[in-house]
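Have a look at the structure first, then read on.

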Amino acid sequence: MRKYFLAPSIIAADFAHLAKELKTCESAGADWIHVDVMDGHFVPTITIGPLFVEALKRNTQLPLDVHLMIENPEAQVEAYAQVGATHITVHAEACRNVKQAVEQIQSLGCKAGVTLKPSTPLSKIKSALPIADLILVMSVNPGFSGQAFMPEMIERVKALRARLDVINPRAILEVDGGINSQTLQWMKAAGANAFVAGNAAFKHPRGAKVGVRELKKLLK
């Protein structure tokens, strides 16, 4: 039976009350905390770095699902592993050799993920598919919060699920971008089993606890 994971994206939280936001996620049933790292080069936005991840680690027991939207990620993965990342996902477009990047992350004791922009063909991650612990499908263009879900990525999830079921069935298939109560169900039906939610979790009209709980109920 397939396990499902909900990963609220901390980028959408109230940074002035992070410890409280993390405890809310825990009490509401979140499985992971998703952490978007952006460098202002690979994507236009600048967000956070290893010190922030270290602070998160001190304030939550949940696994930290770190998504590196940065250039030359191979030079940075060790820093994120040392401060407590559980999963580290890198972009194929930014890696010199995506398979070697996955092996490097795994050698540091972390689960290794790979992803790519919606416009990048799946062939870019072909070499990593048999060994990756996690494949992340971006259903928006990386770099900005609050974008509209790209429905054409449903077919990408279906294609990856079919491929992974043959060559790497243990791999988690994660989706990120525009995930809410409706799009989560579409992606779940397509074969995804981990879901990143930003605004749908933290900006819910009745608060983050309700937002996380409502999404989590859809994964029962």
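This is a predicted model: local features need pLDDT of at least 70, side-chain atom pairs count only at pLDDT 80 or more; totals for chains, interfaces and linings use all residues.

1. A term to start with: a residue is called buried under 20% relative accessible area, exposed over 50%, and partly exposed in between.

2. Asp165 has a salt-bridge partner in Arg161, with the closest N and O atoms 3.4 Å apart. Both sit in helix 5, four residues from each other, about one turn of the helix. Arg161 is buried, at 6% relative accessibility. Arg2 joins in too: with Arg161 and Asp165 it makes up a network of salt bridges.

3. Helix 5 holds another pair, Glu155 and Lys158, three residues apart. Their closest N and O atoms are 3.4 Å from each other, and Lys158 is partly exposed at 41%.

4. Over in helix 4 (residues 98-107), Lys99 and Glu103 are four residues apart. Here the closest N and O atoms of the salt bridge come to 2.8 Å. Lys99 has a relative accessible area of 31% and Glu103 is at 35%, so both count as partly exposed. In total, the structure has eight salt bridges.

5. Now the packing. The largest nonpolar core has 67 residues, and Ile10, Ile88 and Met187 touch the most other members. Helix 5 (residues 153-167) is the top contributor to this core, with five residues. A separate core of 10 residues includes Leu134 and Ile172.

6. What does Ile10 contact beyond its neighbours within four places in sequence? Its partners include Phe15, Leu22, His34, Phe52 and Phe202.

Methods. Residues are numbered from 1 along each chain as its sequence is written. Side-chain values use heavy atoms; hydrogens and water are left out. A nonpolar core is a set of buried Ala, Val, Leu, Ile, Met, Phe, Trp, Tyr and Cys residues joined through side-chain atoms within 4.5 Å. Buried means under 20% relative accessible area, exposed over 50%, partly exposed in between (1.4 Å probe, protein chains only). Helices (H or I, at least four residues) and strands (E, at least two) are DSSP runs, numbered from the N terminus. Contact means heavy atoms within 4.5 Å. A salt bridge is a side-chain nitrogen of Lys or Arg within 4 Å of a carboxyl oxygen of Asp or Glu.
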